[in-house]
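Dear colleague,

I am handing over a structure that you have not worked with before, and my notes on it follow below. Please read them with the sequence and the model open beside you.

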Amino acid sequence: MGLKENLRSARKSCKMTLEQAGDQIGITKATLQRYESGAIANIPFENIEKLASIYHTTPSQLMGWEGDALPILADVFNLQLGKQDWDEHLRQRMVAYYDAMGSEAIESLLGKYSKLDDRGRHTVSTVLEMEYERCTKED
């Protein structure tokens with residue numbers, strides 16, 4: 001399932017109305033309905049975090065990144081993290097990417113990355129790390 005389906009399913013599982021959930025995170029019922037319908041595709045990550053909290057889940061689960069995507073993202077960032085550390089690290093490193101690119105772009109990139117062989121993944125990880133260092137280097 002995608003983000004919009006996960007949002008609706010999680011809200012329904014918590015037996016919450018659109019209005020109740022929206023009130024708890026500081027958005028209108030109409031805005032939350034647009035999140036769930038897909039009319040608003042680039043949901044601010046802080047709202048995804050708030051929704052995950054009130055729905056008793058994680059942002060990565062709402063995004064549909066549980067299961068297969070976690071090892072892929074860990075591989076991209078050369079991480080040696082346990083599951084408990086993963087969500088915090090994901091939040092810190094991915095919030096800027098998500099806000100800049102939107103969830104559809106990230107899902108597309110993850111889909112492509114997951115189809116690469118070991119050589120391709122190594123190449124992507126190497127280039128990503130080099131570009132990250134170049135862009136974050138203090139002058």
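Arg-11 and Glu-36 are both buried, and in this model, which is a predicted one, their side chains meet in a salt bridge with an N to O distance of 2.6 Å. Side chains of opposite charge can pair when their charged atoms come close. The structure holds one salt bridge, and because Arg-11 lies in helix α1 while Glu-36 lies in helix α3, the pair ties together parts that are 25 residues apart in sequence.

The two helices themselves, α1 with residues 3–13 and α3 with residues 29–37, have axes that come within 6 Å and cross at roughly 125 degrees, and they are therefore oblique to each other. On the α1 side the contact is made by Lys-4, Leu-7, Arg-8 and Arg-11, and on the α3 side by Leu-32, Tyr-35, Glu-36 and Ser-37; these residues divide into three nonpolar, one polar and four charged.

Leu-32 also leads on to the largest nonpolar core, which has 19 residues and in which Leu-32, Leu-51, Tyr-55 and Leu-62 touch the most other members. The elements that give two or more residues to this core are α1, α2 (18–25), α3, α4 (45–54) and α5 (59–63), with the largest share, five residues, coming from α4. Leaving aside residues up to four places away in sequence, Leu-32 touches Arg-11, Leu-18, Ala-21, Gly-22, Ile-27, Leu-51 and Tyr-55.

With best regards

Methods. Residues numbered from 1 in each chain as written. Predicted model: local features only at pLDDT ≥ 70, side-chain atom pairs only at ≥ 80, totals over all residues. Heavy atoms only, no water. Axes fitted to C-alpha atoms, helices over the stretch in contact; angles between N-to-C directions. Helix = DSSP H or I, 4+ residues; strand = E, 2+ residues; numbered from the N terminus. Parallel < 35°, antiparallel > 145°, perpendicular 65-115°, else oblique. Contact = heavy atoms within 4.5 Å. Nonpolar A, V, L, I, M, F, W, Y, C, P; charged D, E, K, R; others polar. Salt bridge = Lys/Arg side-chain N within 4 Å of Asp/Glu carboxyl O. Buried < 20%, exposed > 50% of the residue type's maximum accessible area, 1.4 Å probe, protein only. Core = buried A, V, L, I, M, F, W, Y, C linked by side-chain atoms within 4.5 Å.
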